Amino acid sequence: MDFNASWRDAVERYPYLVQLPPFKTKWLYEAYEAIFAQVGRVRTVLELGMYQGGSVVLWRESLRCRVIGIDLSVPPKTAELLERYVKESGSDNDLFCFWRTNQMDADALGEIVKKHVAETLDVVIDDASHLYAPTRRSFEILFPLLRPAGVYVIEDWTAGERPDFQSPEGPIARVVHELIDELGKAAWPIQSIEVRAACVSIFKNPAGSPVLRQLLPARNRVGESFNAQPNGSSALAIACSDASLESVVMFDKTPLVTTFGSAELLTAVVPQDLLSRAGEYEVFVRQNGIESNALRFVVEAK
Ligand SMILES: C[S@@+](CC[C@H](N)C(=O)[O-])C[C@H]1O[C@@H](n2cnc3c(N)ncnc32)[C@H](O)[C@@H]1O
């Protein structure tokens, strides 16, 4: 995808667009080429931070998908040109601009996504405040609404190095550091985080990719059972997300008889012989060939 060429073509067709160029560098365009090549079919892009509106037009022109823009400011002078573009390009149903809307406003964002996303929310781009708190909050609101294998991009995550992007909570880069830490703890269904100088892209787990949160119980003593079953085996409950009927709980590489309670709860039967030696054992879920994160089950010596 050549975003420069898309923009040139757009300006040729709608010459007044020259007054609202996207605020994107060549490094961002390179990054987006790689990101969009990985994300599959894009039906809806939501961008936080529109400024003059150039970037939302660019996404609409180059991806031909639905585009939703959000910005805290009142409509800028270029808003009239944006409206003209929407009419002339026949984008009335595919380009929506929400001014005076804070990227931290969970109710407003939730309502906009509910009403205006076309089938799936595939890509979120945060090019708004470049401050820690609003960036973190938007991620918390919007990442759960992103489709599986969708991508959440945070632009200009190094802005905290500049004097005009200081805040008491610390720099925007703190969000990136936290998400990397939280990736280790499987706090979010994140498959990968790609860090570039121009932006960070956070890819959501593909569909059917479970994330384990807690084992209940998480420890036991050698030879003892827990939630004892009639045959002497033990029943292990697993709090998780995105489990399915295909989920199989693995205990130290041994598949267990698994019962699907809900996407958030599995139970598995642990035979007594697996609890006969002290040690730490990895528990994870296998689902349609995908493996979840692993949690540790401790069998203590007597
Ligand atoms: C860098 S500009 C966006 C540039 C645009 N995405 C482009 O590429 O052409 C940042 C915009 O974010 C908006 N903004 C700042 N803080 C915001 C917040 N808390 N919520 C929503 N928008 C915000 C500003 O009003 C500004 O228009």
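Modeller: The model is predicted. Of the 21 residues around the ligand, those that come nearest are G49, S55, L72, Q103 and S129.

Biologist: Which elements give two or more residues to the shell around the ligand?

Modeller: These elements are β1 (44–48) and α3 (54–63).

Biologist: How do the residues of this shell divide into nonpolar, polar and charged?

Modeller: The shell around the ligand holds 10 nonpolar residues, seven polar ones and four charged ones.

Biologist: How should I read the protein chain as a whole?

Modeller: Seven helices and 17 strands are found in the protein chain. Its C-alpha trace spans about 75 × 40 × 35 Å along the principal axes. Among contacts with a separation of 6 or more, 66% are between residues 24 or more positions apart.

Biologist: What share of the 302 residues in the protein chain is buried?

Modeller: Buried residues account for 36% of them.

Biologist: What is the general idea behind a nonpolar core?

Modeller: In soluble globular proteins, nonpolar side chains tend to be buried together. In this model, the largest nonpolar core has 51 residues, of which V45, V124, V151, Y152, V153 and C199 touch the most other members. Helix α3 supplies the largest share of this core, five residues.

Biologist: Which residues does C199 touch, leaving out those up to four places away in sequence?

Modeller: With those set aside, C199 touches L28, A31, V153, I154, E155 and W157. There is also a second, separate core of 16 residues, including A243, F251, V270 and F297.

Notes: Residues are numbered from 1 along each chain as its sequence is written. This is a predicted model: local features need pLDDT of at least 70, side-chain atom pairs count only at pLDDT 80 or more; totals for chains, interfaces and linings use all residues. A residue is near a molecule or strand if its C-beta atom, placed from the backbone, lies within 6 Å of it. Helices (H or I, at least four residues) and strands (E, at least two) are DSSP runs, numbered from the N terminus. Ala, Val, Leu, Ile, Met, Phe, Trp, Tyr, Cys and Pro count as nonpolar, Asp, Glu, Lys and Arg as charged, and the others, Gly among them, as polar. A residue is buried if 20 or more other C-beta atoms lie within 10 Å of its own, exposed if 12 or fewer, and partly exposed in between; C-beta atoms are placed from the backbone. Two residues are in contact if their C-beta atoms, placed from the backbone, lie within 7 Å. A nonpolar core is a set of buried Ala, Val, Leu, Ile, Met, Phe, Trp, Tyr and Cys residues joined through C-beta atoms within 7 Å.
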